[in-house]
Amino acid sequence: MKSPVQKFPLRCLSMAVVAAMTLHAPVYAQEQDEEQVLDEVVTTGTRLKGTATAVLQERKNQAFVADILGAEQISRTGDSDAASALRRVTGLTLVDGKFIYVRGLGERYSSTQLNGSAVPSPDPSRSVIPLDLFPSDIIESLSVQKSFSPSMPAAFGGGNVDIRLKTIPSDFVFNMTGSLGGNSENFDDALQYNGGSDDWFGKDDGTRAAPQEFEVLWQNKQFFNRELGTTEAKELLKTLNRDVDPHMSSVDPDFGLNMTLGNIYDFNQDISYGFLMTAGYDNSWSVADEFIGEDAQRNGEEIRLVRFFDEVQSTEHSVKWSGMFNFGIDYNKQHRIDVSQVILNDTVDEIREKIGNSNNIQLSDGQRIRDIETVYEERRLYTTQVKGTHTFTALNFLAFDWRYSLGRSARYAPANVDVRFILTDANGDGLYDKVNESSLTNAKTAARYQFQDLNDRVENAGWNMSYPLTLDKWEVELKTGADFVSKSRTADNRRFDVNTRGFADSSVLVGSSLNDILGDDVLDAAALNSTPLISNTTIDGDDYAAAQKVDAYYLEADLFYNNQWRISGGFRWEDFRQAVVPFRPSSNQIDIDETDPDALSKLTFQEDDIYAAVALTYLMSDTMQFRFSYGDTVVRPDLREVSNSTYIDPLTDSPVQGTPGLRTTAMKNYDARWEWYLDQGDNVSVGLFYKDMASPIESVQSPSQDGPPLIRIANAETGELTGIEVEFLKGLGFLGGEVWNSIFVSGNVTLSDSKIVLDRQNIVEQTGVSAAITNLERRLTGHSKYVANLQVGYDAPNGNHSASLVYNVFGDRILIPGIDGFDDSYEAPFHSIDLVYTYYPDFNSTVKVKVQNVLDEQRELEFENTLFRSETKGIGFSLSYKHEF
């Protein structure tokens with residue numbers, strides 16, 4: 001299959017999803033008198049509090065409830081990307097290292113924006129963007145708005161995450177950072193395989209790409225509509241990359257490089273312009289031991305896994321690189337235009353060896369399964385954004401801003417290979433020699449190859465206008481704006497199996513290496529029978545095209561009375577259209593049930609509605625305020641969730657099948673918060689929230705599957721979420737002594753509960769799943785009853801040292817719903833402790849040491865006190881040096 005860059009432009013339908021832009025006034029540096037010279041400046045305030053003040057002030061001034069994380073706070077906790085940084089925000093949990101759950105609601109219940117604009121997703125299983133794509137070095141701040149305002153997208157459940165990238169500096173900046181690191185799991189030799197020569201750059205050199213011979217057959221539809229002859233199949237097999245056998249090799253250390261360059265210039269007294277460039281590269285390895293359960297049986301009170309892999313080793317090689325260029329021009333501090341270009345790449349290359357048993361291959365028969373899996377994927381995101389902000393002083397400071405964004409994302413996954421060997425205990429000693437007691441399984445599927453492409457395109461334009469008024473004791477700001485979002489996606493999947501039953505003599509299958517057993521010399525000499533060596537297993541729906549289009553307008557008013565009461569609110573109208581069309585690869589025709597007269601209508605969806613929001617703030621004093629808000633919002637199914645095609649969820653390794661005709665979720669959101677802002681950045685807040693959901697979109701499990709459980713997407717009847725959030729930051733100087741003046745404690749905790757009600761008959765009618773759902777009343781999938789963060793920080797009085805001890809934990813959460821009387825499978829709490837120490841030897845240098853997962857916790861999934869999945873994470877460590885030129 002072709003590289004994702006070559007696949008543009010995309011297959012057309014109608015296009016795309018939502019985003020709104022909040023108005024941000026540009027901040028400019030004050031001009032300095034060139035004759036003024038400052039010889040030396042010494043600061044003694046804590047670094048965190050000094051940089052957090054502006055962030056706290058922005059949060060305080062927000063009309064609607066929001067939490068904001070600044071760049072210095074992210075740096076202090078040592079988080080390398082947006083996803084890991086956001087888990088520090090009150091009520092947020094991180095899932096699979098990529099996706100953020102806000103207040104326990106899954107990623108479909110939250111929206112993500114980049115600088116206020118919608119962005120495409122390269123993830124095949126979700127329409128939301130994986131947040132691990134964004135390195136922390138390019139992030140200025142992260143804003144999480146938790147209560148709906150009319151200027152935000154109405155597809156708003158848990159919250160809206162806005163990733164705000166760094167922009168033009170107020171002065172010349174040039175710095176470089178280098179880092180080295182590793183993990184305790186990486187000390188010994190680990191599984192690896194022969195890849196391509198460009199793997200260091202996160203790009204396949206063609207080693208894994210589909211051979212031209214296969215491309216021709218796919219394009220001509222010959223591969224799907226006839227069986228391949230034995231000789232033809234043999235020659236095709238020779239063109240495939242079969243060198244995927246694992247070997248043990250030492251793991252290289254992690255390393256990274258980052259560079260930032262920027263400046264601002266005065267063209268004349270009225271016009272200034274500037275730029276900022278960043279580039280980053282990160283190369284890292286992750287080694288793990290795993291346990292994978294797939295199916296269980298109950299014998300009285302005893303639970304026994306009948307399909308499982310109890311000896312699993314995996315090695316993941318990750319290469320990330322990024323580039324950003326921003327240019328801005330300003331006229332008289334009243335009119336500004338910014339242009340930005342961002343490119344992000346994240347390549348993952350993983351090999352996994354699994355040894356276990358199934359229903360048919362059991363230890364009692366002296367046999368075991370040995371599976372070899374390779375997974376390679378390149379994820380890329382390209383965005384171009386242009387925006388302008390204008391203030392018209394002659395029109396009573398009327399403000400107008402506009403923006404245009406074009407984003408493309410791609411996922412290129414060539415030659416993902418699964419190979420199955422059978423280990424036989426020939427000596428009867430209970431030991432299974434992977435080299436001498438191994439053979440390639442003589443079954444329908446001895447090896448499976450997959451080649452996948454996915455391309456997303458999002459075009460987003462919008463504008464906002466605000467007009468201030470002063471009427472006696474009232475200060476009023478009237479706002480209006482519009483958003484136009486078009487999104488399109490195409491996905492292609494080609495899959496075929498190597499069927500070793502085509503060999504007339506099965507003795508040629510003995511061995512432990514796919515590359516040896518199916519080598520060219522062996523294939524040339526092997527006698528074949530009438531069974532084809534290669535069989536097409538691509539299914540209808542593996543190819544699909546999807547599109548969304550949203551047109552939105554809003555009206556909003558922000559009213560201050562007597563500098564004590566603030567009332568904000570308004571209405572948003574959205575016209576939403578969506579189409580998801582699965583195709584038959586054999587004919588490129590639409591894949592529908594022709595006996596169902598409503599089949600086509602189930603693939604399309606249109607709704608328009610008005611969504612209201614109101615927020616009330618009471619300012620008791622300059623330091624204390626109370627907030628109350630209400631909003632009507634909607635949660636819509638992801639693109640793949642309304643198609644009957646099947647995909648693999650990378651979080652659980654389980655196949656997921658969508659449901660045509662899936663309904664949207666209507667939500668009513670209530671928030672209340674008390675905030676107290678004290679001197680020197682100290683603060684405390686307590687918030688309450690409640691969400692009422694009609695037809696929440698949820699996961700159910702389908703029984704009797706050969707392999708991991710099949711997950712179906714369906715509508716529950718009702719759902720609700722209730723919780724309380726507490727956040728604080730406090731310096732310990734009140735304890736007395738100079739040491740305590742340098743220490744602070746900050747943290748947050750969220751306690752919540754959720755409940756959904758499923759109707760057995762409606763689930764059966766909607767999905768066709770058996771009525772064997774165990775719990776018809778349960779928590780939301782992915783919801784944790786508690787989330788806590790705690791940070792103890794130290795800033796040396798001389799400013800040369802700082803340190804943070806950071807703790808994060810989430811409560812257990814359902815990942816796989818239970819069926820056939822078995823309880824739901826929960827991901828167990830993960831207690832994360834990280835230590836970050838920073839040394840500033842001079843004004844231009846920074847040395848940072850990080851130790852992550854100090855407790856050496858591992859990820860575990862269990863049900864009814866039975867371990868179902870586990871994965872080691874190891875203790876991570878790194879050393880970095882940054883120099884300002």
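Mentor: Let's start with helix H5: on the face turned away from its buried side sit the exposed residues Gln212 and Gln219. Keep in mind that this is a predicted model.

Trainee: Okay, so which residues of helix H5 are buried?

Mentor: Helix H5 runs over residues 212-219, and its buried residues are Phe214, Glu215, Leu217 and Trp218. They span an arc of only 165 degrees around the axis, which means they share one side of H5.

Trainee: Why do residues three or four places apart in a helix point the same way?

Mentor: An α-helix has 3.6 residues a turn, so residues spaced three or four places apart end up pointing the same way.

Trainee: What comes after H5?

Mentor: Lys221 follows H5, and its phi is positive, near 65 degrees.

Trainee: How do I read the way H5 and helix H7 cross?

Mentor: Look at the axes and the angle between them. Helix H7 covers residues 230-239; its axis and that of H5 come within 8 Å and cross at roughly 125 degrees. That angle is why H5 counts as oblique to H7.

Trainee: Which residues make that contact?

Mentor: From H5 you have Glu213, Phe214 and Leu217, and from H7 there are Glu232, Leu236 and Thr239. Sorted by class, that gives three nonpolar, one polar and two charged residues. Notice that Phe214 and Leu217 also turned up among the buried residues of H5.

Trainee: Back to phi for a moment. Where is Lys333, and what is its phi?

Mentor: Lys333 sits in the loop between strand S13 (302-331) and strand S14 (335-357). Its phi is positive, about 60 degrees, although Lys333 is not a glycine. Lys333 is partly exposed, at a relative accessible area of 40%.

Trainee: And Glu864, what is its phi?

Mentor: Glu864 has a positive phi of about 45 degrees, and it is not a glycine either. You'll find Glu864 in the loop between strand S41 (858-863) and strand S42 (866-872). With a relative accessible area of 30%, Glu864 is partly exposed.

Trainee: What about a residue inside a strand? Which residues is Pro468 in contact with?

Mentor: Pro468 belongs to strand S18 (residues 447-471). Leaving aside neighbours within four places in sequence, Pro468 touches Asn396, Phe397, Leu398, Val476 and Glu477. Its relative accessible area is 27%, so Pro468 is partly exposed.

Trainee: Where is confidence lowest, and where is it highest?

Mentor: Lowest is helix H1 (residues 4-7), with a mean of 37, while strand S9 (residues 190-192) is highest at 96. Over residues 1-51 the pLDDT is below 50. For the protein the mean pLDDT is 86, and 91% of its residues reach 70 or more.

Conventions:
Residues are numbered from 1 along each chain as its sequence is written. This is a predicted model: local features need pLDDT of at least 70, side-chain atom pairs count only at pLDDT 80 or more; totals for chains, interfaces and linings use all residues. Side-chain values use heavy atoms; hydrogens and water are left out. pLDDT is the predictor's confidence in each residue, from 0 to 100. Helices (H or I, at least four residues) and strands (E, at least two) are DSSP runs, numbered from the N terminus. Contact means heavy atoms within 4.5 Å. Buried means under 20% relative accessible area, exposed over 50%, partly exposed in between (1.4 Å probe, protein chains only). The arc is that of the directions from the helix axis to the C-beta atoms. Axes are lines fitted to C-alpha atoms, for helices over the stretch in contact, and angles run from 0 to 180 degrees between N-to-C directions. Angles under 35 degrees count as roughly parallel, over 145 as roughly antiparallel, 65 to 115 as roughly perpendicular and the rest as oblique. Ala, Val, Leu, Ile, Met, Phe, Trp, Tyr, Cys and Pro count as nonpolar, Asp, Glu, Lys and Arg as charged, and the others, Gly among them, as polar.
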